[in-house]
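Visitor: I have just opened this structure and would like to learn how to read it. Could you walk me through a few features?

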Amino acid sequence: MRAVVQRVSKSSVTVDGEVTGSIGRGLMVLIGVEEGDGEQDAAYIADKIAGLRIFEDEEGKLNLSVSDIGGSVLAVSQFTLLGDARKGRRPGFSRAARPEEANALYRNVIGKIAEKGIEVAEGVFRAEMMVEIHNDGPVTILLDSHKNF
């Protein structure tokens with residue numbers, strides 16, 4: 001499972017002209033589920049997202065988590081995070097999980113983050129979305145439950 005985590009001042013997702021998820025200060029998270037991922041991967045990613053200390057404390061050090069600042073998470077499922085562009089110019093997506101499996105694990109990640117008392121907004125699974133991201137810093141962190149990076 002992969003996630004792209006961006007510290008944001010605000011972020012929103014729009015589907016068919018309607019805002020489906022919106023947050024103020026917090027984290028915008030794109031989540032990609034890989035074939036073979038399971039509960040452990042979901043728990044790992046959720047724990048990392050909730051605990052990442054990428055907000056500044058009073059001394060200007062990245063020492064606070066989204067929970068510490070009372071922020072929110074905007075989660076969007078994105079199978080293209082599993083795209084493989086090592087050969088040719090068109091990425092292959094054979095490593096991405098099938099939609100039913102991906103949605104279940106994506107929902108699992110959202111649930112685990114919410115269980116930690118963090119408000120979670122979201123996009124619409126498999127929908128064409130417009131994502132507005134006000135990356136603060138900018139700060140962007142890549143996560144991979146298989147620890148490939």
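Visitor: Which residues of helix 2 are buried?

Guide: A word on the source: this is a predicted model, where local features need pLDDT of at least 70, side-chain atom pairs count only at pLDDT 80 or more, and totals for chains, interfaces and linings use all residues. Residues are numbered from 1 along each chain as its sequence is written, and side-chain values use heavy atoms, with hydrogens and water left out.

Guide: Helices (H or I, at least four residues) and strands (E, at least two) are DSSP runs, numbered from the N terminus. Buried means under 20% relative accessible area, exposed over 50%, and partly exposed in between (1.4 Å probe, protein chains only). In helix 2, the buried residues are Ala102, Leu105, Tyr106, Asn108, Val109, Ile110 and Ile113. An α-helix has 3.6 residues a turn, so residues three or four places apart point the same way.

Visitor: What covers the buried residues of helix 2?

Guide: The cover includes strand 3 (26-32), helix 1, strand 6 (72-77) and strand 7.

Visitor: How far does helix 2 reach from its first C-alpha to its last?

Guide: The expected span of a helix is 1.5 Å times one less than its number of residues. With 17 residues, helix 2 reaches 24 Å, close to the 24 Å expected. Just after helix 2 comes glycine 117, with a positive phi of about 85°.

Visitor: How many salt bridges does the structure hold?

Guide: Side chains of opposite charge can pair when their charged atoms come close. A salt bridge here is a side-chain nitrogen of Lys or Arg within 4 Å of a carboxyl oxygen of Asp or Glu. The structure holds six. One of them joins arginine 107 to glutamate 122, with the closest N and O atoms 2.7 Å apart. Arginine 107 sits in helix 2 and glutamate 122 in strand 7, so this pair ties together parts 15 residues apart in sequence.

Visitor: Which residue forms a salt bridge with aspartate 144?

Guide: That is arginine 2, with 2.9 Å between the closest N and O atoms. The pair links distant parts of the chain, 142 residues apart: aspartate 144 belongs to strand 8 (residues 130-144) and arginine 2 to strand 1.

Visitor: Why does aspartate 144 count as buried?

Guide: Aspartate 144 counts as buried because its relative accessibility is 2%. Arginine 2 is buried too, with a relative accessible area of 15%.

Note on methods. Contact = heavy atoms within 4.5 Å.
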